Amino acid sequence: MKSKKKTAKKAPKSAPYTLSSLEASVVLDIKKEGLESIFGAAYLMMDRAYVSLKGDRAKAVTVVLRPKNPKTTKLKALAEEFLSDFESQKVRWAVAKNNLPIREFIAEQAVLIANGTIPPPAPAAAPEPAAEELTDDQRAEIEKLIAEVESEIKTMNDKKVAMDPKGIKASWEETQENKA
Amino acid sequence: MKIELAKKIYSKDSLLIAAQVLSSKLNVYLEESKSAYTVTIEAKRKDVVPAQLAALAGEFGNELLNQEYRFIVGRFNSKISSLIVTQTLMAARGGEAPAAPPAGEATPEFKKLVAELVRNAEAEVARTMPKKIADQGTVLPPVKEQDIV
Amino acid sequence: MSRLTALAKGASVDTGSLAAFNFRDMGGWHLLTNEWGQFLMLSSADFERFMAGKVGVDDPLYAELESRGFLKARLDFRQLAVNYVKKNSFQWFPGPSLHMIVVTLRCNQKCQYCHSSVVDPSRTDTDMDVETARKTVDFIFSTPNPTICIEFQGGEPLLNWPVVKFITEYAQAKAKAGNRKLLMALVCNFTLMTEDKLDFLFDHHVSICTSLDGPAELHNKNRPFLGGGEAQQKVVHWLEKIQERCSADPKKKFYLPGALMTTTRFSMDYGPEIVDLYVKLGLEQIFLRPLSPIGYAKRVWKDVGYEAEEFVKFYEKTLDYIIDLNVSGKSDIMERMALILLSKVVKGEDPGFMDLRSPAGAVLGCLAYNYNGEIFVSDEGRMVDHQGDPIFKVGDVAKNDWLSVIDHPTTRACVTASTLDNQPMCQQCAFKPYCGVEPVFHYETQKSVFGQMPTSGWCSSHMGIFDVIFRKLRDPRSRKVMDKWLERDQCRWQESDAVPAGQPEVVL
């Protein structure tokens, strides 16, 4: 949105935002901060502010916040709330990305168990060794197993692309991803 | 009011959806250049003042962001959400063809019972229907949008 | 900060060790949940250690985190998958079990918020005729779920009593012939109840539920007779009468009537009084739920509606009162919304509440049939149609079969929109494993089946309710009461499961 050209008030030296009389703006580097976190934090401001984005998704995005109710919402507080939510978004998205293959795997397992294709786990006959009894080798084995599962899932996905290079079987979401 | 939207930020899909979502409050006109969309918004209500139009423009921007971020999240979780949607629809479907009525419903006794139930019900409806019938009017008209401006 | 809450400034985080989870700052402590239904309530200090990856194997917290799937290196994939299946059992159900039949739009009351109609009792063009009733029952029995629950709604269903009787008897004959499990329920205002009707309902195992908004001054303000007049006395009279008949016969213990209240702005000052009335009438449960601005209620929202925060305050205050009554021994009345959420959170089960499922129960769990045979994704969808927008219509009993209903684009849109993994805010919310979104609500209030969660009244009110429930779970006094409620509820369901298919059964 075109805002009225007013002289930007400079925020305190260390603050990563700019305040005008009507808006707060924050410039964020995509490669450093992550597209999803930026959009996620901007999205969460929508109950208190009108949010617009400028720039380039591949390089840097400026998030512009205009309070819905300027009488009760101070611009500085709005900008700082955004930055606080933004830091949390970075953590949330990092955890989400780290765990996506596992979530997908468990969801697939759930379908297979519910449909009777694979049996549910048998009740434990003997107690498992307590955590402190695991040796370094056993711990390394477990971490290797997790890495193998993640690699297997990636291989399955790569095979899927090789078998269907034109993406004929792709879902609508997948075609949008390819377009982007 | 004109709004410039960078193509490197916003997609046409989200523009079209946002325009549809807010279509009860706004008329939205779209022009495009190589790098940007220029959106002209016009409030449907004639008595809107500039501050209210600015708020509507803000709502439009928020809805754009809502759609764009929804696409991002949808793509990210697409495998899981597709699995859930497909699973629930397939399970609910129950099969490729509707099941045939059970054999118990084909018996003469069952058909006789049903015919009797229908007869009794229709007789009771005729007997108990109100004597005076009001004008058989139309359903209520759609509620008019109370614009939040 | 946003309604999702945020991490403390400068928090140290080691994301590498963390399994998939969501968190919430509850003010003094933190809630962790994961999509497999596990939860943990941590002190802020423990939360900080967890986030920083500083919980060693010798730490007592380690075992808790491990057993509930919060440590990436210690996940039991198969067990978490089993938890997911149990929690989301409805995702594998073969079609809807709840079928709401609107037998008439006629009504003798003019409730302030009524979604259904303002059609007076002489408008017989809004009665379901016998032929449509037959086709509706045939359609219902063509859906694949072996368990069918038919719920009569209106207007006031007793105004079309012949069709209520016909549907009851016809459905029971079909259930017997096809060996299906059938439950039937009638939702009525009690003002037209008679002994003969009650005899029929008892004889045919139809459970009965009414609306009781509270003491006379509140109920009559909310639900006056068409043309004026006070209705509450009749409701109380029939509630007491039915209870009297049930108490006299041990076989009728499952026929005790239920009552539902609708919370309007006028209810906000009457929380304890409403509960006291329910206790006095011997009702086992009270259901404190927010009113939705859908259909007719949308027109009058400025008169009867309220903000989400106002409802949550009312909910907490009234729930506190109910818990106090339980603790003091004055009553063991349960709050139904709490019971629903507790079943999900504590027992990891799905209690069958359509609105809080992912995907929602629209079509997958329930269907609504209008008096003219049109089929809708839910009763709310039917209310939208009554205001002139047919977007949630998915078929007609005279023209369509079940496959065309489940394959309908509106069905798919509702299922996709209500899958929480597609919702930006929901997918990061600590309440995601237990919550759901309602496409019709968001269409009516935000003009999109997906909605916009940061500004959604649905989201605000449900997050508020979840906050209340989790705070109560952390309080030992309240937790003890809630555990008893879960135990009682479990006993009721076990008794219900014992009834074989083909035998009439009462909705509990």
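This is a predicted model: local features need pLDDT of at least 70, side-chain atom pairs count only at pLDDT 80 or more; totals for chains, interfaces and linings use all residues.

On the chain C side I found 48 residues in contact with 47 residues of chain B.

Next I asked myself which element gives the largest share of the side of chain C that touches chain B. The answer is α5(C), with ten residues. I also noted the elements that each supply at least two residues there: α4 (130–142), α5 (161–178), α10 (296–299), α15 (402–406) and α16 (409–417) of chain C. Sorting this side by class, I wrote down 20 nonpolar, 15 polar and 13 charged residues.

Then I turned to how chain C itself is divided. I have domain 1 at 15–87 and domain 2 at 94–404. Their C-alpha centres lie 39 Å apart. Five residues from domain 1 of chain C and four residues from domain 2 of chain C make up the contact. Helix α3 (residues 77–87) of chain C brings three residues, the largest share of the domain 1 side. That side of domain 1 of chain C has one nonpolar, two polar and two charged residues.

Last, I looked at a hairpin in chain C. Strand β1 (residues 22–25) and strand β2 (residues 29–33) of chain C run antiparallel and are joined by four bridges. Opposite Arg24(C) I found Leu31(C), which sits in β2(C). What happens between the strands β1(C) and β2(C)? There are three residues there, and in this hairpin Gly27(C) takes a positive phi near 85°.

Terms used:
Residues are numbered from 1 along each chain as its sequence is written. Chains are lettered from A and ligands numbered from 1 in the order in which they are written. Domain bounds come from an automatic or database domain assignment. Two residues are in contact if their C-beta atoms, placed from the backbone, lie within 7 Å. Ala, Val, Leu, Ile, Met, Phe, Trp, Tyr, Cys and Pro count as nonpolar, Asp, Glu, Lys and Arg as charged, and the others, Gly among them, as polar. Two strands pair if DSSP finds at least two bridges between them.
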